[in-house]
Amino acid sequence: MRTPARAARPAPRSHGAQAAALPWRPGCGDVHAGEASTGSGEASTGSGEAPAGQALGRKALGVRVVYFGTPAAAVPPLEALLASGHEVVGVVTRPDKPRDHRGGRPSPSPLKQAAERHGLEIVQPERGRDPELPARLAAFRADIGMTCAFGFLLPPEVLASFPRGVLNLHFSLLPAYRGPAPVQRALLDGRTVTGVCTFVIDEGMDTGPLLLSAEVPILPGEDAGALTARLAEVGAQVTVETLDALEQGAISPRPQPADGASLAPKVTPDEARLDWGASSARVVNAVRAFTPAPGAWTTLRGRRLKLLEARVAAGPSEASPGLPGSETVSGAEAVTGAHPAPAARAAGRLGLAPGELELGPGGVLLAGTGDGVVELVRVQPEGRRPMSGPEFARGARPAAGEWLGDR
């Protein structure tokens, strides 16, 4: 049984002392104490230049770490490491790229911006198998690598660059949701609990032995963006406590359980297109899972409409006509198929077929699903700002018999 995480300071859980081999030598964390990172791309010189961590007032003891990551979720663990007794000697992040997917001037990743604020040396390989990367990493003379949402798989020659191995902070309770989209997949499945864990990277996809973990409840109505931000804060604490415990010899890696493994493949924009023939719960879970990226979407009058927030307005247990009070739901739901309009209309609680629009009391915008009705709480029409459902309805004036999605 996993230990529930506490909101302010979760209780990381060791995965036991049945150790897989980790190239870790307890008590050696101060091997490089007193050596200074020059920030020049060269190995530490011991020349007396102050490492970045000392500028923050932390002690220059602990483990020398090279930190890998890219998005905003990777920033809190970096900040936590900088505030700890461990020394971040370099940051590896993906190359700059346009943020709006429309070309234009490339911009740095959130992690690169954070690293620049702290004066850390930055490496930006074009890919994980960049032939120059192992030599760049070796120059850091780091003890260990720490990754969080880096975006590239690390080949064996990169893993071999660190005498004590490379760890990963993952936003799930492994072995569940192995892969690049654990938060989105958990929300899509209607989970009510997820978590974070640290493990030792091997050559598989998130299959390495576990170190610490902490459970995190999923809040009602929480979308992927908000949940990821909370997991990043919890993960920041778990990251530091993992390195502390390893340095002290207090934990050892343990193989992942054989049961409970699942995959969390990357979400594509096509997958984020809403299926109005699915259940109301599934539609709402999809909106939560795909917000803010890649964005749950449908079409109206041939133009794309993003759904930023939605909730169940009537479900299969509410058989009487009229608009009952809205409710939030959770729980895994199965997709029921695309636009079974005749059957769904016969079974619809408000007489709405999948995707059919209707204005409800107070001007709320409603749409039929495979087994009920959802309220479009917040939307973003193509080329326009986000707005509430009623605000959009006042401008769009959906007519009787209009539909979302292709028919």
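Ser388 caps the N-terminal end of helix H10 in this predicted model. One of its side-chain oxygens lies 3.1 Å from the backbone nitrogen of Glu391. The helix itself covers residues 389-396.

Gly389, Pro390, Phe392, Ala393 and Ala396 are buried. They share one side of H10 because they cover an arc of only 160° around the axis. An α-helix has 3.6 residues a turn, so residues three or four places apart point the same way. On the other side of H10, Arg394 and Gly395 are exposed.

Next comes the stretch beyond the helix. Just after H10, Arg397 takes a positive phi of about 50°. Glu402 also belongs to the segment after H10. Is Glu402 buried or exposed? It counts as buried, because its relative accessibility is 17% and the cut-off for buried is under 20%. Its side chain joins that of Arg301 in a polar contact of 2.7 Å. Beyond its neighbours within four places in sequence, Glu402 is in contact with Leu300, Arg301, Gly355, Glu356, Leu357 and Arg397.

Now turn to the nonpolar cores. The largest has 72 residues. Which of them touch the most other members? They are Tyr67, Leu78, Phe171, Trp276 and Leu376. Helix H7, residues 224-247, gives the most to this core, with ten residues.

Leaving aside neighbours within four places in sequence, its contacts include Ala73, Cys148, Pro182, Val183 and Thr194. Thr228, Leu231 and Ala232 are also among them.

Note on methods:
Residues are numbered from 1 along each chain as its sequence is written. This is a predicted model: local features need pLDDT of at least 70, side-chain atom pairs count only at pLDDT 80 or more; totals for chains, interfaces and linings use all residues. Side-chain values use heavy atoms; hydrogens and water are left out. Buried means under 20% relative accessible area, exposed over 50%, partly exposed in between (1.4 Å probe, protein chains only). Helices (H or I, at least four residues) and strands (E, at least two) are DSSP runs, numbered from the N terminus. The arc is that of the directions from the helix axis to the C-beta atoms. A polar contact is a pair of N or O atoms within 3.5 Å; within protein, one must be able to donate a hydrogen and the other to accept it, and residues adjacent in sequence count only if both atoms are side-chain atoms. A nonpolar core is a set of buried Ala, Val, Leu, Ile, Met, Phe, Trp, Tyr and Cys residues joined through side-chain atoms within 4.5 Å. Contact means heavy atoms within 4.5 Å.
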